[in-house]
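Q: Please take a close look at one part of this model and say what surrounds it. Then go on to the aromatic rings and the charged side chains.

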Amino acid sequence: MKKITQITAVVMISTALCGLAACKKAAKQTENVAMPVTAVKVLKTDLPWNIEYPAQVAGSLEIQVRAQVGGILQARLFDEGAYVKQGTQLFQIDPKEYEVALQKAEGALAQAQSEESRTKRDFERMKKLRADNAVSRKDYDDSLSAYEAAQAAVKVAKAGVNEAKINLEYTKVLAPISGITGKEAQSVGSLVSPAGTGLLTTMVQIHPLWANFSMPSSQFYKLASGYLSGTITLDEKGDAPLYVEAITSDGRVYPEKGKIIFFDSTENVKTASLAIKAEFPNPKNQRMLMPGQFIRVRLIGATYKDAVLVPASAVLSTPTGNLVYVVGSDNKLKAQPITAQLQDDLYIVSEGLKGGETIISSGLIKMKPEMLVSPQVQDFALPASALPTAPSTATAIDVDAFDKAIGKGVESDEQDVAPAQATTETKN
């Protein structure tokens, strides 16, 4: 009985060893089978800097229309929210009080002019008599002083007439600019005064329009350093080497190209970004862009020279950084760390790849170094947003704006001073 048990044990061990050897052989055969994978060739080509940024539209002038004189508001002569031209009458303040004041001022002027004529005649007589020594020096001087005082009184009276005319004109509140009117701040019948309830409405100039946005400081420094080193170039065609394209929330592209008119001189430490302002012409005063509207803007005109590009699907993010799997000449994989930045579903590689390598483009989680693969290389097509755009149509851009922003070509402390913008409050 004991002998049979020993034989059974030997048989079981032999069977187990044979099974283990078969499994090992099968595993070895499996390792030698190349896994089919999808791969692409790393591109090396010029790439436009078509990065988008959120922005908000603002009017180039946003002003308050205020009453310059007090009185009862008689009429509103515009439609709220309508476009009006400069000089259009917006409100009418009761003019009766100012018409009477003008009549009084004109009467005072007439009196002063009459007194001037009388003292002039007296002085002319005194001058003749003084030539004959018929009057004393004092009488002559008194007549001269009276005449000069009358002349001064005429000037004062004329100033009073002008002031009364101005106040009367101020009862007609005119549009100080061409633009879009806001809601009325005072209804007809209200008593308005410059010191208190003087705000009547607001106006916004929409030709041109401004778009305010921020660029991350890291991107600005990359753009600036790339431009200075020559790895990023600006479009030399036309008058606008770097211009801005506006995109509305529904994806429509604004037909007019914008120009950058302002780079902030300091970084916002809270957001690590740089404020930028772009100006868009709006010659037909269309409402495709309106003040306060949120849009996206895209810088056009900067180009990476000989950029090394890989699709986003080919990059694996790890705790230690990004990497790609490169297919070697023996069809085995190599994990290659890269330094890159994302743009339009593409990674622009600055370190780790040179262009022309074959890399895995899908199923990266299943890959591991030294794995034997059978790559199926597919064409790597750039997305439409990464393709070059049409030439700029922007006009009258300051071509030195970007150079000034990054400090290129600044040889002295002298700087061009932009014309002062209109104040945010205009009185009529």
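What covers the buried residues of helix 2?

A: The model is predicted, so local features need pLDDT of at least 70 and side-chain atom pairs count only at pLDDT 80 or more, while totals for chains, interfaces and linings use all residues. Residues are numbered from 1 along each chain as its sequence is written, and side-chain values use heavy atoms, with hydrogens and water left out.

The cover over the buried residues of helix 2 includes helix 3 (137-170), where contact means heavy atoms within 4.5 Å. Helices (H or I, at least four residues) and strands (E, at least two) are DSSP runs, numbered from the N terminus. Buried stands for under 20% relative accessible area, exposed for over 50%, and partly exposed for values in between (1.4 Å probe, protein chains only). By that rule, the buried residues of helix 2 are Y98, L102, A105, L109, A112, T119 and F123.

Helix 2 covers residues 96-131, and its 36 residues should span 52 Å at 1.5 Å a residue; the end C-alpha atoms are 53 Å apart, which agrees. The expected span is 1.5 Å times one less than the number of residues. After helix 2 comes N133, with a positive phi near 60°.

F123 also belongs to one aromatic cluster, together with Y140 and Y147. Rings of Phe, Tyr and Trp (its six-membered ring) pair if their centres lie within 6.5 Å; planes under 30 degrees apart count as stacked, over 60 as edge-to-face and the rest as tilted.

In total the structure holds eight aromatic pairs. One of them is Y53 with F213: the ring centres are 6.0 Å apart and the planes are at 25°, so the pair is stacked. This pair links distant parts of the chain, since Y53 is in strand 3 and F213 in strand 10 (residues 199-216), 160 residues apart. Both Y53 and F213 are buried. F220 and Y221 form an edge-to-face pair, with 6.0 Å centre to centre and 70° between the planes. F220 is buried at a relative accessible area of 6%, whereas Y221, at 46%, counts as partly exposed.

Strand 3 (residues 52-66) also holds R66, which counts as buried at 18% relative accessibility. The side chains of R66 and Q64 are joined by a polar contact of 3.2 Å.

Two charged side chains remain. K277 lies over the face of W210, 4.0 Å from the ring centre. The charged end of R76 sits over the ring of F78, 5.6 Å from its centre. A charge sits over a ring if NZ of Lys or CZ of Arg is within 6 Å of the ring centre and within 35 degrees of the ring normal.

Technical notes:
Polar contact = N/O pair within 3.5 Å; in protein donor to acceptor, adjacent residues only side chain to side chain.
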